[in-house]
Amino acid sequence: MKKTILGLVCIVALGAATLSTNGYQVGDTAEDFSLMGVDDQEHSLADYEDANGFVVIFTCNHCPYSVAYEDRIIALHAKYGEDYPVIAINPNDPVSYPSDNFENMKLRAEEKGFKFDYLFDDGQQVFPKYGATKTPHVFLLDKDLKVQYIGAIDNSTEESDVSKTYLADAIESLRDGETPKVTSTKAIGCGIKVAKQ
Amino acid sequence: MKWILLSAILGFGNVQTNQVKVYDEFSAFESDYLSNLSGDTTYVINFWATWCAPCVKELPYFEQLRERNEMKPFKMILVSLDFKSKLEGVKSLIAKKGIQSEVVLLADGRASEWIDLVDSTWSGAIPATLVIKNNKRYFYEKSYESYKELEEDILKSE
């Protein structure tokens with residue numbers, strides 16, 4: 001009996017270890033979090049009572065790819081935000097990239113007039129759970145926080161060259177009560193900088 | 001006018017004119033650098049960008065690696081993923097850092113269609129390095145803190 005329990009513990013521990021390195025896959029249920037936003041309020045997904053899902057985007061100030069997508073993120077929130085709000089999370093270590101510190105997040109949100117919440121993953125506990133590796137990196141969750149899509153916003157960094165709007169298509173599928181046809185895509189992004197131990 | 005023209009041709013001051021070929025399509029880059037490879041050559045292909053601080057930090061380690069392997073069948077390609085509008089910035093950075101390795105700019109914005117062709121495990125984050133040895137591929141999605149760390153990964157790719 002003891003052996004069985006030990007074996008079970010090992011399996012559970014192994015499972016947890018794998019999860020922390022690889023993060024969520026499509027179909028997994030995301031954990032809620034509580035993070036400080038640029039409005040100086042703590043935000044949890046549970047607070048968004050009217051939402052039918054969430055567009056969680058790991059993004060930041062310093063990364064040119066994030067900057068290139070800012071206007072598209074603003075437009076997505078304007079179009080779908082009532083049902084599927086954008087939750088932007090900056091996962092970077094502010095010591096490595098001072099332009100990604102909390103004060104600069106506030107400045108950027110103000111400058112660009114972000115209507116969505118821009119949260120700071122202070123202590124870098126949230127992004128590893130998701131398995132985010134870069135900015136921007138999108139995770140679309142449904143109402144039950146089940147991950148429905150992971151990856152890119154669309155298929156080109158240059159807005160004029162976009163021919164596939166992966167994220168918007170996935171949101172519309174969810175809205176129509178369907179499963180997204182494309183559930184994972186890739187894009188080039190800035191590697192997330194982890195604080196030195 | 002003559003002076004402006006002359007300056008433009010010679011380049012100002014000590015700015016070295018390092019050629020940077022621009023690829024708008026991944027397929028053209030692939031056929032030039034990832035196809036018909038020689039089995040006895042080690043290829044090290046580093047993906048970087050001027051705006052990526054850890055990428056810029058590790059460039060000298062790659063330069064050192066190329067220098068140390070000069071007498072061997074070895075080829076280094078530094079693939080900038082900067083936007084095409086930043087070409088001059090790429091050129092001035094490699095001149096400033098004294099980079100002699102071959103540098104190209106891959107401007108194909110449809111990365112979702114070519115990331116897997118470099119390596120299926122690549123999430124798309126940079127820096128990232130592809131090593132091809134004996135027609136086998138080894139992929140490292142990481143940044144290097146020292147020359148030694150880079151050299152270890154290259155030696156490990158057997």
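I will start with the conventions, then turn to chain A and end with a sheet in chain B.

This is a predicted model, in which local features need pLDDT of at least 70 and side-chain atom pairs count only at pLDDT 80 or more, while totals for chains, interfaces and linings use all residues. Residues are numbered from 1 along each chain as its sequence is written, and chains are lettered from A and ligands numbered from 1 in the order in which they are written.

Chain A holds five helices and nine strands, these being DSSP runs numbered from the N terminus, with helices (H or I) of at least four residues and strands (E) of at least two. Of its 197 residues, 40% count as buried, that is, with 20 or more other C-beta atoms, placed from the backbone, within 10 Å of their own.

Let me stay with helix H2 of chain A, residues 64–80, which has 17 residues and should span 24 Å at 1.5 Å a residue, the expected span being 1.5 Å times one less than the number of residues; its end C-alpha atoms are 24 Å apart, which agrees. Even so, H2(A) has a kink of about 45° centred on A:Glu70, where the bend is the angle between axes fitted to the seven residues ending there and the seven starting there. Buried residues of H2(A) include A:Tyr65, A:Ile73 and A:Tyr80.

In chain B, six strands form an open sheet of mixed pairing, in the order E1-E4-E3-E2-E6-E7, where a pair requires at least two DSSP bridges. Strands E1 (20–23) and E7 (136–140) of chain B stand at the edges, each with a single partner strand, so one side of each lacks a neighbour in the sheet. E1(B) runs parallel to E4(B), residues 102–106, joined by four bridges, and B:Tyr23 stands opposite B:Leu106.

Notes. A residue is buried if 20 or more other C-beta atoms lie within 10 Å of its own, exposed if 12 or fewer, and partly exposed in between; C-beta atoms are placed from the backbone.
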